[in-house]
Amino acid sequence: MNKSLLKEYIKSIFPNLEEQSIDKILLYATYLKCSKGTKLITEGKRHHYFYLILNGSVKSYYQKESKEICMWFAFENEVVSTIKTFEGKPSNETIELLEDSNLIRFNTEPIKELVQIDLSISHWMIELITDHALFLEERLYKLQFMNSQARYKELTKISPETIQRVSITDIASFLGVSRETLS
């Protein structure tokens with residue numbers, strides 16, 4: 001995919017981002033086609049990129065006693081990363097592709113430098129981080145105050161594509177129940 005197509009795509013997803021700011025961001029962006037199972041971010045390692053999913057899906061999980069504990073899923077037009085990635089620290093979680101996917105990979109460090117000199121990019125980054133924080137806050141609330149059955153109903157209502165595109169094992173892990181209980 002060429003830069004002009006990437007630019008149009010980014011503009012359609014983030015309409016408040018100024019055109020000249022998109023041009024600057026694209027200097028540090030790469031189009032990727034990756035296979036199912038590719039780990040974009042690996043627990044315990046530093047990672048220098050964040051991603052926009054053009055098509056495909058990912059899961060985020062922690063490893064606990066050789067078991068994957070799914071935390072969230074992401075699909076088309078969503079940005080995926082970890083807060084620790086933005087801070088240049090080793091990630092606590094792994095982000096892995098659930099399907100063959102097309103992505104835009106952004107290099108974090110130079111974009112963090114652009115945040116200092118470009119107000120439009122600064123607003124964009126604040127929006128991305130705020131959206132992620134709100135998502136995590138909602139996830140924490142659901143884990144603390146909703147039982148697994150209520151979380152499943154909420155998942156099917158808010159994100160029906162998850163049920164279609166994610167394995168029952170990963171959904172069970174996300175809900176905090178056994179695969180057998182979910183079945």
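Does K11 count as buried, partly exposed or exposed, and what is the relative accessibility behind that label, is asked here as: which class of accessibility does K11 fall into? At 26% relative accessibility, K11 is partly exposed, a label that lies between buried (under 20% relative accessible area) and exposed (over 50%), computed with a 1.4 Å probe on protein chains only. This is a predicted model, in which local features need pLDDT of at least 70 and side-chain atom pairs count only at pLDDT 80 or more, while totals for chains, interfaces and linings use all residues. Residues are numbered from 1 along each chain as its sequence is written, and side-chain values use heavy atoms, leaving out hydrogens and water.

**View 1. E8 and K11 meet in a salt bridge through their side chains.** The N to O distance is 3.6 Å, where a salt bridge is a side-chain nitrogen of Lys or Arg within 4 Å of a carboxyl oxygen of Asp or Glu. Both residues lie in helix α1 (residues 3-13), three residues apart, or about one turn; helices (H or I, at least four residues) and strands (E, at least two) are DSSP runs numbered from the N terminus. E8 is partly exposed, at 44% relative accessible area, and the pair belongs to a network of salt bridges that also links K7, E19 and D23.

**View 2. R165 and E99 form a salt bridge at 2.7 Å, N to O.** R165 lies in helix α7 (residues 160-165) and E99 in the loop between β7 (94-97) and β8 (101-107), so the pair ties together parts 66 residues apart in sequence. R165 is partly exposed at 24%, as is E99 at 21%.

**View 3. E109 and K112 meet in a salt bridge at 3.7 Å, N to O.** These residues stand three apart in helix α4 (residues 108-117), about one helical turn.
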